[in-house]
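Trainee: I would like to learn how to read a few features of a model. Please take them one at a time, with the general idea before the case.

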4 protein chains.
Amino acid sequence: MKVGLLTGGGDCPGLNAVIRAIVQRIVSEGGSCVGIPEGWRGLIQGMSRPLDPSETDGIIARGGTILGASRTNPFKFAERDVPALRAHARDLGHALVAIGGDDTLSVAYRLYSMYQMPIVGIPKTIDNDLRVTDFTFGFDTAINIVTEAVDRLRTTAESHRRIMVVETMGRHAGWIACFAGIATAADYILVPEVPIDMPHLIEVLKRRRRDGKNYGIVIVSEGARFPDRDNFTLDEEPDPFGNVRLGGIGTAVAHAIEKQTGFETRCVVLGHLQRGGPPSACDRVLATRLGLAASHLIIQRRFGTLVVLSAGKIIEAPLDESVAATKTLDLTYYDEAAAFFRR
Amino acid sequence: MKVGLLTGGGDCPGLNAVIRAIVQRIVSEGGSCVGIPEGWRGLIQGMSRPLDPSETDGIIARGGTILGASRTNPFKFAERDVPALRAHARDLGHALVAIGGDDTLSVAYRLYSMYQMPIVGIPKTIDNDLRVTDFTFGFDTAINIVTEAVDRLRTTAESHRRIMVVETMGRHAGWIACFAGIATAADYILVPEVPIDMPHLIEVLKRRRRDGKNYGIVIVSEGARFPDRDNFTLDEEPDPFGNVRLGGIGTAVAHAIEKQTGFETRCVVLGHLQRGGPPSACDRVLATRLGLAASHLIIQRRFGTLVVLSAGKIIEAPLDESVAATKTLDLTYYDEAAAFFRR
Amino acid sequence: MKVGLLTGGGDCPGLNAVIRAIVQRIVSEGGSCVGIPEGWRGLIQGMSRPLDPSETDGIIARGGTILGASRTNPFKFAERDVPALRAHARDLGHALVAIGGDDTLSVAYRLYSMYQMPIVGIPKTIDNDLRVTDFTFGFDTAINIVTEAVDRLRTTAESHRRIMVVETMGRHAGWIACFAGIATAADYILVPEVPIDMPHLIEVLKRRRRDGKNYGIVIVSEGARFPDRDNFTLDEEPDPFGNVRLGGIGTAVAHAIEKQTGFETRCVVLGHLQRGGPPSACDRVLATRLGLAASHLIIQRRFGTLVVLSAGKIIEAPLDESVAATKTLDLTYYDEAAAFFRR
Amino acid sequence: MKVGLLTGGGDCPGLNAVIRAIVQRIVSEGGSCVGIPEGWRGLIQGMSRPLDPSETDGIIARGGTILGASRTNPFKFAERDVPALRAHARDLGHALVAIGGDDTLSVAYRLYSMYQMPIVGIPKTIDNDLRVTDFTFGFDTAINIVTEAVDRLRTTAESHRRIMVVETMGRHAGWIACFAGIATAADYILVPEVPIDMPHLIEVLKRRRRDGKNYGIVIVSEGARFPDRDNFTLDEEPDPFGNVRLGGIGTAVAHAIEKQTGFETRCVVLGHLQRGGPPSACDRVLATRLGLAASHLIIQRRFGTLVVLSAGKIIEAPLDESVAATKTLDLTYYDEAAAFFRR
């Protein structure tokens, strides 16, 4: 048995742990693995390279993906790209593991349902916003990075009596901001799921100052929004680079706080720092378990499936249109976080 | 309402997050909190100090417990200590939160069942071996520390073609060793739940060397045991200090490996490093949620209860004799880990 | 003997180590210490609080300054503020230790030379750009933070074949960018001391791609400048918050690289992350040594002095106008760094 | 020009930075490099492998040595090994860079002086105890690891009112213990250069308890010794593994403290943790500068030389018998450290 592996979408700590688990398992069962570089683009172009178990020794501790990733979607230019992709997949081997987010998995679903390609999917996103699974690997690493960053910023905020606004990832869901906000005892947390209540935020920060605490921490999801866009006056133009969002929501919130309270306020945009570096222990365990479960499905030739985390167990799920569904922040968590600032 | 807080048993990252959550919530509901230093000993001796919300600002990031802890059990000298404890508890206020492991919670259960003391319990152990709850805070921090340590040791092991044996905490259960072993792609994992199969361990290490990998990592729970004590020949005498276990199981395993393979082998005992320092994001979130839930029970005067994690939710459980039950490692995890070395 | 301590200017890891050293030494010699909050502003307003050795236990590991800091300059409104400051200084005690950068130390020099105030100065700046001393504490912590951040960014850059531009602190001098650039094997380093040679930067990045390396790291000092401002087209407007420099030089460089090479490029601005959190071992040692030496000068009543690092030794220097002199990057270091990209 | 590189003795963070610097420089000057695995053993056995610049991309952040190391000394079995070594060296190329400690460099010196082998040496030791250079790379990383470990242990020590004894590396010199002791505000520091004064240590710990500080930190170099071996009663037998020193000096000191004060005392032996993992920024810079300077000497064919750090500059030194000289701890540092516990 020959298994092809590809990683699509943004990189995420834990991808290499998945790759290692699959390669080691498949090879120990007598099969072999090849890596397809750069996601679906690699498969369209017929790129591949052997993946040997000895090569995967030690990669569990490395961020990123040794395969490289891309956001190429073969259905964008379907007439040109899909036939090429299918031909290369046939040449390549007996099964394909696609590790990716909603886009990558949606392509996998279409390839499976339209052409019965022998695919097993593994969900991945740093944002934890996939409906199909309870938690995604990469998320725990991200909240640890944000937490450590905010711990650092706390001492400088305190020394200078500043409000520190920290913008985290999370375009569509507030998971990272909410969990990191709880973990850092943030004074306020802004998420896409709850429109920004600027008067309340200001009131909370002023009350804190009255209570003798001369500094504050506000965590903002990059996807948080003012209810009325009119008061989002700073830097409306699009960001040419994506990650450093010029005049993004963090900067706008910081600007508004400083203007309305007179407190010295600074914004830090964590950006790409949140997705790099060694995965946390917990993410490595989850990624490894998913890789093992996917290997098992491949060995059993149970294609058109997905491996997901459900109530602590790794289970099989169908590779269907549900892979595209977004899971916004469970507001139970936000209510827990808000218990500290709502009164 | 006046609430007393105490922390018992070994310290654990996340204790201060619990304390912070309770103090902030109780005070924002109009109540007040006092801290009882050094666990049950403090209550027996009538020690206490006010806990102000402003004092708990920022402690979420600190390891240990600002209250101090002890292993004192008031029922050891019950005639002398229990009446004193009860009198002080009455003076102290309206409710007590006891944060601790099986010992601390067993005392809490007896005080509640015998004397109807108004107690709410919060389970805590770095070893994750309490039956009443799915996961305990402190555990995630511990496995991250072990993982980071093994990542460090990997480069030195590789440079010197050594086998590195790393002894982790876990006297009664292999949770830390198993999770950290998965997270570090250890070549073998030894836990109390599975007797040491020395011939198999040796075979795995030799096979790895034949495969061209000249170094290896073995993770050993401090509670792992040889099936036949006769081959545990090294350093039988008791350790006078507890943590640095002279000739502990890690050293014995390292000794046996070196003797039976000729591979240069070293042992590192991580000991107390595993319980200190800033809690991980995940542990801070869990501890905060438990603190919030406990505050809620106190406000509702639902005493004789425990707050626990069950399938991702914080729920109420009875404070009964089940608090003493040990949860050994779920062997599903060990089987997943062993998929890489069993064949 | 009663000694007043104040910290001025931006905060810097190591300030608490200085404070601890002085308090412990002065008290063990039979003296006492008071802390003056918020730099010169605190002294103008007559604020102070006792500093007890027991309070300084453990602060060596904490970033920021327990005294708080400000950028208030008493000579700005000299007629109003200087007499107030002098009166409070007299009330306060026998000696003053001023820990700060060029501004804080210039004030100290003027107060000493004009009014013979009994002052000892300690130089401090995260940027390492003070002429009076070889290295300043805070610098080593800053370069470690940048290095760890770039290590993280490397895996994500590699996975996505991106150029990653990292903007560091260093408005007037390229110390941080140069040292962190060497430490991270950056592909190019831009510093204020050397005008940006955009054609050469582009050539280096293209050559690297031809050599099969599909990603790159560029480190940019916030003070780096294009020789011709005309090509600095992005975001000319001033940044309302200071630290997150909207359309700062990092973003401009990233923009230019992407435009001229077609390589996907991202910018990360590290900002305040570089000054917070636990000091490195080396910074704690340097700060402690400076604190001890300053205590010694105070005990000997050698006022109008400064303690500095010179060829590995802590020596006494005069508190004179030289404290304002900037030390730009020693180009020997830049040449060493450039050995990897210049040919 | 073809240059062979080898690393000897114990591994040390920064070795890969040296290798990278040399490979990149030599290749950019038109030469080529080969790596000799496992120190002198590799050269005796004629092992070698090409070292390509592309392979050295990113290794600057990795601990250990990609070449592997050994403690083999060709002069031990000189008649057999030296001719083999010389023959292989001739085959190999035009120059040899030997990176190592006193043993490795002594061999290099003998090979150069006896046979005029074209060698350049680079000093390396984590212990910082080489007379020929001011500071060695690896040392800064080691003290940062010890410092971070002690920061962790502080919270657990405080929670349990314990004395924590931390044993560091340093068999012949107290550099690591002294610097880490200053950086962690240790209550006492024991080094090989100063015989242990147990009564004074006990007095300091008791005084601290009287001052209301219920815990303590003692840092002990593995080479520290009691003046009278008779009171070293614990575990006299030799350690079969070397690094985890069963009943080493740390344990003996902990035992003595507990016995003489009644304070609960624990010992943690950091062992191999101190030499693994990513090098600090400062060590990477130093190692890179040494690698560049060595490349320069090779290009100029200035053999029989050594590159060393002297007053902040990298300079050339002769490869002579001085490479074997030990540099014990400069007692100026110890006196500074002791200012906090001597009175």
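**Burial, strands, helices and domains**

Mentor: His172(D) counts as partly exposed because 18 C-beta neighbours lie inside 10 Å, and a residue would need 20 or more to be buried. Keep in mind that this is a predicted model.

Trainee: Where in chain D is the place of His172(D)?

Mentor: His172(D) sits in the loop between β6 (163-168) and α6 (175-183) of chain D.

Trainee: Which residues is His172(D) in contact with, leaving aside neighbours within four places in sequence?

Mentor: The contacts of His172(D), with those neighbours left aside, are Asp129(D), Pro192(D), Gly223(D) and Thr326(D).

Trainee: Is Leu6(B) buried or exposed?

Mentor: Leu6(B) is buried, because 29 other C-beta atoms lie within 10 Å. The residue belongs to strand β1 (residues 2-7) of chain B. Leaving aside neighbours within four places in sequence, Leu6(B) has contacts that include Ile36(B), Trp40(B), Leu43(B), Leu67(B) and Ala98(B). Leu6(B) and Val97(B) are 91 residues apart in sequence, yet their C-alpha atoms are 6.4 Å apart.

Trainee: Which strand do five bridges join to β1(B)?

Mentor: Those five bridges lead from β1(B) to strand β4 (residues 95-100) of chain B, and the two run parallel. Within this pairing, Val3(B) stands opposite Ala95(B).

Trainee: In what order do the seven strands of the open sheet in chain B come?

Mentor: The order is β3-β2-β1-β4-β5-β10-β11 (chain B), with mixed pairing. At the edges are β3 (49-51) and β11 (313-318) of chain B, each of which pairs on one side only. On average, neighbouring strands of this sheet are turned by 30° against each other, direction ignored.

Trainee: How should I read the two faces of a strand?

Mentor: In a regular strand, side chains alternate between the two faces of the sheet. Take β9(B): Thr265(B), Cys267(B) and Val269(B) point one way, Arg266(B) and Val268(B) point the other way, and all are buried.

Trainee: Why is strand β9 of chain B largely enclosed by the rest of the structure?

Mentor: Strand β9 (residues 265-269) of chain B is largely enclosed because five of its five residues are buried. β9(B) pairs with strand β6 (residues 163-168) of chain B in the parallel sense, over five bridges. One bridge places Glu167(B) with Val269(B) in β9(B).

Trainee: Next, helix packing. At what angle do α6 and α10 of chain B pack?

Mentor: Read the angle together with the axis distance. Helix α6 (residues 175-183) and helix α10 (residues 331-338) of chain B pack at about 30°, and their axes are 10 Å apart. The crossing of α6(B) past α10(B) is left-handed. From α6(B), Cys178(B), Gly181(B) and Ile182(B) meet Tyr333(B), Tyr334(B), Glu336(B) and Ala337(B) in α10(B). By class, this contact has five nonpolar, one polar and one charged residues.

Trainee: Which domains does the assignment give for chain A?

Mentor: The assignment gives domain 1 (2-138 + 279-324) and domain 2 (140-276). The centres of domain 1 and domain 2 of chain A, taken over C-alpha atoms, are 34 Å apart. Their contact takes 15 residues from domain 1 and 13 residues from domain 2 of chain A. On the domain 1 side of chain A, the touching residues divide into five nonpolar, six polar and four charged.

Terms used. Residues are numbered from 1 along each chain as its sequence is written. Chains are lettered from A and ligands numbered from 1 in the order in which they are written. This is a predicted model: local features need pLDDT of at least 70, side-chain atom pairs count only at pLDDT 80 or more; totals for chains, interfaces and linings use all residues. Domain bounds come from an automatic or database domain assignment. Two residues are in contact if their C-beta atoms, placed from the backbone, lie within 7 Å. Ala, Val, Leu, Ile, Met, Phe, Trp, Tyr, Cys and Pro count as nonpolar, Asp, Glu, Lys and Arg as charged, and the others, Gly among them, as polar. Helices (H or I, at least four residues) and strands (E, at least two) are DSSP runs, numbered from the N terminus. A residue is buried if 20 or more other C-beta atoms lie within 10 Å of its own, exposed if 12 or fewer, and partly exposed in between; C-beta atoms are placed from the backbone. Two strands pair if DSSP finds at least two bridges between them. Axes are lines fitted to C-alpha atoms, for helices over the stretch in contact, and angles run from 0 to 180 degrees between N-to-C directions. A crossing is left-handed if the near helix is turned anticlockwise from the far one by less than a right angle, and right-handed if clockwise.
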